[in-house]
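I opened the model and kept notes as I went. The entries follow in the order I looked things up.

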Amino acid sequence: MSKLYAWLSYISGNTPIALIFLFNVGYDNIGYAVIGKLDEVHFTEIFLAAILVIITSFSSYLMIKYFNDAINRLKNGNGGEAATVSNLQVEKIFSSGAITYYILPFASFIVGDDIIKNLVALFILGAIFGQIYVKERMTIYSPILCLFGYVVFSCDREFERQGPKRRIKVLVKNPESIVMGNKCGLVMQSIDNTVYIATLKET
């Protein structure tokens, strides 16, 4: 997977922060607008908050479209490889450490009252943590993917020939029919080394 989609994954995960930021700015200014005190309304802050929401939301759209298209290609038999996996365990986003990349930048703008300074701090911390997020290959742990039904599993990939099993991670959409502890047939495509996007193999 290219760095572009890794960055889109990170930026999209900041959508809740952007929405909270917009609500915070709007809440402070809507009262002045209602009573006609437009000179008290901070239009620059509202504009910046709206831009932040647009950027994160559009990143979410592009990322979800990328993974949905990949899933649809696998379902239609266009690419991918069949595989049998076992010992499936859900990789929780909180235990993966990915949530840390969002909590720390979020703390940067809830401490003070100066919206512009908080936004600058958020941007700086976001850029730093985003770089680390990309280098540590945390793409599949975006909270937005979780909201759209994607689940990350850690599992053993079995091979037809005798040999050691390989521990891999697979990203599956709406995996309700997967029975934990049982073997499972998947059609999957490599994202990065031992990370795959997969769909259930039709029987």
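Ground rules. This is a predicted model, so I note that local features need pLDDT of at least 70 and side-chain atom pairs count only at pLDDT 80 or more, while totals for chains, interfaces and linings use all residues. Residues are numbered from 1 along each chain as its sequence is written, and side-chain values use heavy atoms, with hydrogens and water left out.

**Entry: overall layout**

I took helices (H or I, at least four residues) and strands (E, at least two) as DSSP runs, numbered from the N terminus. The chain has 7 helices and 5 strands. Along the sequence I read α-α-α-β-α-α-α-α-β-β-β-β. The chain has 203 residues, and 39% of them are buried.

I then checked contacts, meaning heavy atoms within 4.5 Å. Of those between residues at least 6 apart in sequence, 72% join residues at least 24 apart.

For the surface I used Shrake-Rupley areas with a 1.4 Å probe; for residues, only the protein chains shown count as cover. The chain exposes about 11,700 Å², and carbon and sulfur atoms supply 60% of that.

**Entry: salt bridges**

My rule was a side-chain nitrogen of Lys or Arg within 4 Å of a carboxyl oxygen of Asp or Glu. How many salt bridges does this rule give? The count is 5.

I went back to Arg157. Its side chain forms a salt bridge with Glu81 at 3.0 Å, N to O. Arg157 is in strand β2 and Glu81 in strand β1, so this pair ties together parts 76 residues apart in sequence. Glu81 is partly exposed, at 36% relative accessibility.

Next I looked at Glu91 and Lys169, whose side chains meet in a salt bridge at 3.8 Å, N to O. Glu91 sits in the loop between β1 and α4 (93-96) and Lys169 in strand β3, so the pair links distant parts of the chain, 78 residues apart. Glu91 is partly exposed at 24% relative accessibility. Lys169 is partly exposed too, with a relative accessible area of 29%.

Arg167 and Asp156 make another salt bridge, at 3.0 Å, N to O. Arg167 is in strand β3 and Asp156 in strand β2, so they tie together parts 11 residues apart in sequence. Asp156 is buried at 13% relative accessibility, whereas Arg167 is partly exposed at 35%.

**Entry: nonpolar cores**

I defined a core as a set of buried Ala, Val, Leu, Ile, Met, Phe, Trp, Tyr and Cys residues joined through side-chain atoms within 4.5 Å. The largest one has 21 residues, and Phe67, Ile140, Leu145, Leu171 and Ile197 touch the most other members. At least two residues each come from α3 (43-75), α6, α7 (143-147), β2 (150-158), β4 (184-192) and β5 (195-200). Which element gives the most to this core? Helix α3 does, with 6 residues.

I traced Leu145 beyond its neighbours within four places in sequence. Leu145 contacts Met63, Ile64, Phe67, Thr139, Ile140, Tyr150 and Leu171. There is also a second, separate core of 14 residues, including Val85, Ile168, Val170 and Cys184.

**Entry: Thr56**

Thr56 is in helix α3. Is Thr56 buried or exposed? Thr56 is buried, at 2% relative accessibility. The Thr56 side chain reaches the backbone oxygen of Val53 at 3.1 Å. Leaving aside neighbours within four places in sequence, Thr56 contacts Ile11, Ser12, Asn14, Thr15 and Ala18.

**Entry: positive phi**

Most residues other than glycine have a negative phi. I noted Asn87, in strand β1 (residues 81-90), with phi near 55°. Asn87 is partly exposed at 40% relative accessibility. Asn174 has phi near 50° and lies in the loop between β3 (166-173) and β4. Asn174 is partly exposed, at 41%.

How values were computed:
Buried < 20%, exposed > 50% of the residue type's maximum accessible area, 1.4 Å probe, protein only. Polar contact = N/O pair within 3.5 Å; in protein donor to acceptor, adjacent residues only side chain to side chain.
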